[in-house]
Amino acid sequence: MKNVTSPKLQPELQRILEARHHDPFAVLGRHPQDKKVVVRAHLPYAQEVHIAEGNLPLQRIPNTDLFEWQGKPDQIPERYRLIWRDSDHHEHISYDPYCFPPQLGDFDLYLFGEGKHWHAYRFLGAHPHETDNVAGVLFAVWAPSAERVSVVGSFNRWDGRVHPMRVRGGSGVWELFIPNLYPGDLYKFEIRNRHSGAILLKSDPYGQQFEMRPSTAGIVPKPDTYAWRDADWLEKRKNSDWLHQPMSIYEVHLGSWRRGPEGEFLNYRDIAHQLVDYVKELGFSHIELLPITEHPYDASWGYQTTGYYAPTSRFGTPDDFRYFMDYCHQHGVGVILDWVPAHFPKDAHALARFDGEALYEHTDPRKGEHLDWGTLIFNFGRYEVKNFLLSSALYWIEEFHLDGLRVDAVASMLYLDYSRKEGEWIPNKYGGRENLEAIDFLRELNTVVHSEHPGALVIAEESTSWPQVTRPTYLGGLGFSMKWNMGWMNDTLRYMAQNPIHRKYHHDLLTFSMLYCFTENFMLPFSHDEVVHGKGSMINKMPGDEWQRFANLRLLYTYMFTHPGKKLLFMGTEFGQGHEWNSANPIDWWVLQFHFHQGMQLLVKDLNRIYHSDPTLHHHEFEWQGFSWIDCHDADQSILSYLRKKDDDFLVVVVSFTPVPRQDYRIGVPRAGRYTEIFNSDSHFYGGSGVGNGGVELIAEERPWMEQPYSISITVPPLGGIILRPEPPPKPVVVAALEAEEPLAAETLEAEAEALAPEAPVAVKPTPVVEAEELAQPE
């Protein structure tokens, strides 16, 4: 039936017909009128309508799709069903959405308006819901500049006239409970702007599941009933001392790590089994996922996010992703997610000008747009926007048990003039270039995550010299757990790109990192960004012929794993893939049939094993106690030597960046005794030349060298790195406790010790401290 304007029609009814009423509950549903009640329904596709309870017919208001019934209050219940027949003679029955009271709590709305609701995703979006024993779906969305918002979907022919929502006061939040909808139903929001009258069709910002691209409708999620089995992992994480534990991360783009036999995407569950087996075999402790938040464009790799609460449907359902996380944790592998709060795309169906106005972004493009990326910048100063992002961060950690977030493009958030010319940016209120609102947001993000989920990590991709990125907020820092060391990465790759004959002129590129190494909690990344957009693969960044390129890359990884800082390698770099990464194709697994690539993969496996097993390499990665130079001045031969330390234990590392073997190369060491080569990147096993100190007895001489009391003469391999371990010093015998009424004299203890272990050296202690079974045995 076509709706027409009638001079006798009330303005409120006319606004319903024109789909521009901000409060349809004031008109539709059950209302007292004098001593009667009136029931009104707006059903654009109905030919006739009845109230099921009593089979009471509603009368059509002439020339409209409005239907009305009047009668006594006791004739119909508070919650009633409507039966209506459409033009195809199909009959429909459902509870009237407009006979239910508001469902959202006032306290939730208050916290949201204050930017303090850490779990806004629990009431905004679409959720299976039951009220008064009636099941359905509760929809809620924030759109303060809307004149009217409707839920549209497959259940109402995507017609915005059918299910208009109610606005909740001045909160800007609209809600509607629709009975008899179910998980799996498709939906969007239709929004009419109050100023222009423009009608927009938008995806749910808080949607937890979406259609497969290019479709963009939300999918009503099913209730979370997944049975997690990772309680032991979460408890261990909560109590972990991650600062002093090894962390080696394998960075993965799920869409191009592996594919199915027909080139199709794998399911989260299939990926879990294959990926966990692989990273466990190679010794990585964590996986870092490029964004799997929903995104429309494959080539964005997920960094242009439209679904901040939805795992992408490319690889399955939210429960499939829960299985992925659960499986990783059950097998001792942590998972970090790349998360993008810095900017969002301009796609018309998503956040951009969501209610017809600049809502999630700034109005002024000098603050609200990234010209380089063609994206929009969040308005971090708006409480509801900040709440949207904070709630998203907690959502991934709480609902999917993520072990941490790597926050993308932090530098672009911190500076108002980031990648902008003069006149293209607006200073802050003090006239500076710092984005004060973004700084406050980042500090609050880190404070909330760390307080709500001890042991969860928040890692900054921050490429500038901004101070105290990883220092606590109460000390003036930003509060991140760790920061990518982009300076180290860039300097090191610049150095490695040099012809070895010229490297002596660039020696400072390697040594400079130790001037700032312990000012932050640094992670050393060779990430996806270094192997795309014409930068070449890691192996092809290296100079020289094939042998030298592989030797250089083996050397680089040896330097990385022995340098202070947690480790990150992007997929494919662990076996020296030759092609630059292409997100449209799987990485080049086929090259593993060749010896050099096999050797590279084995080298990474062994470096991970040594790094994880030896505390000298990981315990003090953020503290100066864990590192000291032996010699950083040998630029002419392009050799570095240094110690990695924990308490009295240490390893000696020597790395040589020229293809010249160095015989009888003397280095200082802090302890006398025998030294053993436990790793050599030039080993035949890795595809090297086999030059080194394997099988050679290295005995430190009492010959001071390089400010050390002892020294050894070693062979340094070409374009290679070696790790030497000293034999432990003789340990004194600790005497067992002997019961006596009077303290025993030192001489008596010594005699007892000699009787128990006559060939072992004796440490005389007047106060015994260990049990008898802990006595050292004779060699």
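This is a short walk through one protein chain, from its overall build to single residues.

The model is predicted: local features need pLDDT of at least 70, side-chain atom pairs count only at pLDDT 80 or more, and totals for chains, interfaces and linings use all residues. Residues are numbered from 1 along each chain as its sequence is written, and side-chain values use heavy atoms, with hydrogens and water left out.

Start with the whole chain. Its C-alpha trace spans about 110 × 75 × 60 Å along the principal axes. The secondary structure comes to 17 helices and 36 strands. Helices (H or I, at least four residues) and strands (E, at least two) are DSSP runs, numbered from the N terminus. Of the 779 residues, 58% count as buried. Buried means under 20% relative accessible area, exposed over 50%, and partly exposed in between, with a 1.4 Å probe and protein chains only. A contact means heavy atoms within 4.5 Å. Of the contacts with a separation of 6 or more, 71% are between residues 24 or more positions apart.

Now go inside. In soluble globular proteins, nonpolar side chains tend to be buried together. A nonpolar core is a set of buried Ala, Val, Leu, Ile, Met, Phe, Trp, Tyr and Cys residues joined through side-chain atoms within 4.5 Å. The largest one here has 202 residues. Phe139, Tyr250, Phe324, Tyr360 and Tyr557 have the most contacts inside it. Helix α8 (residues 383–400) gives the largest share of this core, 10 residues. Another core, of 17 residues, lies apart from it, and includes Phe650, Ile667, Val716 and Leu724.

Neighbours within four places in sequence aside, its contacts include Trp142, Pro205, Phe344, Leu351, Ile377 and Phe388.

How far apart are the end C-alpha atoms of α6? They are 18 Å apart, which agrees with the 18 Å that its 13 residues (318–330) should span at 1.5 Å a residue. The expected span is 1.5 Å times one less than the number of residues. Glycine 332 follows α6, and its phi is positive, near 75°.

Two loop residues come next. Aspartate 204 lies between β14 (199–202) and β15 (218–219). Is aspartate 204 buried or exposed? It is buried, because its relative accessible area is 1%. Beyond its neighbours within four places, aspartate 204 touches Gly125, Ala126, Tyr187, Phe189 and Phe210. Its C-alpha atom is 8.7 Å from that of leucine 351, 147 residues apart along the chain.

Leucine 478 sits in the loop between β25 (457–460) and β26 (482–484). Leucine 478 is buried too, with a relative accessible area of 0%. With neighbours within four places left aside, its contacts include Leu414, Ile439, Arg443, Trp466 and Arg471. The C-alpha atoms of leucine 478 and methionine 542, 64 residues apart along the chain, are separated by 36 Å.

On a 1 Å grid over the protein atoms alone, a cavity is a set of points where a 1.4 Å probe fits but cannot get out, and lining residues have an atom within 4 Å of a point. The largest cavity is lined by 16 residues, and Phe210, Thr216, Glu294, Thr306 and His349 lie nearest its centre.

Definitions and conventions:
1 Å grid on protein atoms, 1.4 Å probe; cavity = no way out; pocket = protein on both sides within 12 Å on 5 of 7 lines; lining within 4 Å.
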